[in-house]
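User: I would like to study this structure through a series of questions. Please show it first.

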Amino acid sequence: MNSNKTNKYALWDARRGRIVTKIGKWVGGDDVQIRQYSLLHDLFMQKSYMQVLVLNATGRLISAELACWLENNFMVMSYPDARIWCNQVGAFAGQMQTSPSAATAAGCLAADSRAYGGSLTSRLAMQFIQRAVQQIQAGMTLEELVSSVPLRHGKPAIIGFARPVSRHDERIEPHRNMTTALGFADGPHLTLANQLSDYLLATYGMGINIGGYTAAFMSDQGFTPDDVYRIKNLCVASGVTACYIDQLQQPQHSFLALQCQDVRYDGIAPRPVPEREL
Amino acid sequence: MTKDFVYAKQASTQITAEVAAADNPYGAVQQHIFGYELVELMQKRSFTDVLYLLLTGELPTAAQAQLLTQLQIALCNAGPRHPATRAVMTAAISKARPEHLLPIGLQVLGGERQGAAAVAEAWQALQDCLTQNDFQPAQQPLPAGFGQVYAGIDPLQARLLAQLSSLPAAGPALRLCEQLQSHWQSLQQGILDVGLCAACCLDLGIGKRESIGLFQLLRAPGLLAHGMEQTHRPITDSPLLSDDDYEFQQDQ
């Protein structure tokens, strides 16, 4: 092999049988390093699980107050109600008596959705609100901002400002109270989100939802959309597990039982199968 | 619920009709797939034909079935160095429950970097090229579905492209890929597995989103086989790096 080829493959050659990382290291029998912190000496019994979760997801060791905010935010992202799509997946997993890991992982995958769930939707909502703040700062009016968004069912399709089930979001007021109680002030993103919510409520009867509020708050805290996608990727897990447990010992096929006729068939009428062409 | 509640009262499908038993509305005695009765399909058609039926709503011609069959074989085994296969093998030898192995592989395979998510991107890029009048590869950036593997062309995919392009059902998308391959190879860029799958899907009339899942499905046999093989081996049969081979570059 000539020297050019050696250089061409140098990266991969250096990584054969070798891991190079900045995230941490387990030193067997002694300690674990997470980034620049010792797990056992800097974090264990001193920081919360949420602080370590965010550290692993982003490299940032956040304050106890912000971790408290996030933990409570997680709490309201995971209702034990099997009508919610990801939870329904958990319930079906319970019906099939899968392992709890399979059920919860399947539910979390289902919630990796552009319609709901708090992970991908957070990324999308943060992309919107961060871009919107820039547009408003550049001179765009609120009306112009809203009219630049495509309509769906006659209303602007702004992620974070309408729930799939269109009802008042019961989590907003408790979140506003929590934000104040923990000492956080509204930054430019939350300020704009509130103005937008007031405008959309008055014009279209749709206000901010928890995704929009979280996106604006986390933007004010300096997180990127990808950061929050990574932090919140399992935020629905608890409710999925609950719905899985609920169905584990229920009779087979009893969750939302369906007769053959209950799934409406919109397709082609019965027809003979043609023989294969030779 | 409010007047804005827009959800349907029942689920619907154009794919499957189930005929209930006379004495049990929950038990199906017959299943029709796009109008074709399941047992009759078993008697007259191949698995590949029915797979095509499920994804497009119609049975394939002989030429289409040949192209899909060869694509199935082309993609059936990503090999033991592919990240998805390695994920499955790692999970398997570390004694994960066997029923998790295939889902683990498919999830890892679902990535945006030369994974299943990239098939749709390639599908769209090729479609965009095909809709241009007088498309000239030299005047266009490298489309999604093409790129490098280990700093060069993926020579196996190039061979697979040549084979698939030679089939009667190869259409505009595979011909376009041959044109692109010819243009870009001097720059050490070539067709990727995701591009190959996307091109075949386009020529077979298989949709953009469907192409994502088809790629996962066609990659599944190799994932499954490599995983199951490892379940029969002790956990010590795979490497666990020593501290010397684990380089932690600590930020200050």
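**Strands, chains and a helix**

Analyst: Three bridges connect β1(A) with strand β7 (residues 246-248) of chain B, and the two run parallel. Strands (E, at least two residues) and helices (H or I, at least four) are DSSP runs, numbered from the N terminus, and two strands pair if DSSP finds at least two bridges between them. This is a predicted model, in which local features need pLDDT of at least 70 and side-chain atom pairs count only at pLDDT 80 or more, while totals for chains, interfaces and linings use all residues. Residues are numbered from 1 along each chain as its sequence is written, and chains are lettered from A and ligands numbered from 1 in the order in which they are written.

User: Which residue is the bridge partner of A:I19 in β7(B)?

Analyst: The strands concerned, β1(A) and β7(B), run parallel and are joined by three bridges. Within β7(B), A:I19 has as its bridge partner B:Y246.

User: How many residues of chain B are in contact with chain A?

Analyst: Two residues are in contact if their C-beta atoms, placed from the backbone, lie within 7 Å. On the side of chain A, 38 residues take part, and their counterparts in chain B number 43.

User: Which element gives the largest share of the side of chain A that touches chain B?

Analyst: The elements of chain A that give two or more residues to this side are β1 (19-21), β2 (24-27) and β7 (264-265). The largest share is three residues, and it comes from β1(A).

User: How many residues on the side of chain A that touches chain B are charged?

Analyst: Ala, Val, Leu, Ile, Met, Phe, Trp, Tyr, Cys and Pro count as nonpolar, Asp, Glu, Lys and Arg as charged, and the others, Gly among them, as polar. This side of chain A has 14 nonpolar and 11 polar residues, and its charged residues number 13.

User: Why is one side of β2 and of β4 of chain A left without a neighbour in the sheet?

Analyst: In chain A, three strands in the order β2-β3-β4 make an open sheet with antiparallel pairing. Strands of a sheet pair through backbone hydrogen bonds, either parallel or antiparallel. Because β2 and β4 of chain A stand at the edges, one side of each has no neighbour in the sheet, and each has a single partner strand.

User: Which residue in the turn between β2(A) and β3(A) has a positive phi?

Analyst: β2(A) is joined to strand β3 (residues 31-34) of chain A by four bridges, in the antiparallel sense. In this pair, A:W26 stands opposite A:V32. The two strands form a hairpin with three residues between them, and the turn residue with a positive phi, about 80°, is A:G29.

User: What is the phi of A:R35, in the turn between β3(A) and β4(A)?

Analyst: β3(A) pairs with strand β4 (residues 37-38) of chain A over two bridges, in the antiparallel sense. The bridge partner of A:I34 in β4(A) is A:Y37. Two residues lie between the strands of this hairpin, and A:R35 in the turn has a positive phi of about 55°.

User: Which strands are at the edges of the open sheet in chain B?

Analyst: Chain B has an open sheet of three strands in the order β2-β3-β4, with antiparallel pairing. Strand β3 (residues 24-33) of chain B pairs with β4(B) over two bridges, and B:I33 stands opposite B:Y36. The strands that pair on one side only are β2 (16-21) and β4 (36-37) of chain B.

User: Why do the buried residues of α7(B) line one face of the helix?

Analyst: A residue is buried if 20 or more other C-beta atoms lie within 10 Å of its own, exposed if 12 or fewer, and partly exposed in between, with C-beta atoms placed from the backbone. In helix α7 (residues 155-165) of chain B, the residues B:Q157, B:L160, B:L161, B:L164 and B:S165 are buried. They line one face because, seen down the helix axis, they fall within an arc (of the directions from the axis to the C-beta atoms) of 125°.

User: Which residues on the other side of α7(B) are exposed?

Analyst: The buried residues of α7(B) pack against α3 (62-75), α8 (172-184), β6 (190-191) and α9 (193-204) of chain B. On the other side of α7(B), the exposed residues are B:P155, B:L156 and B:R159.
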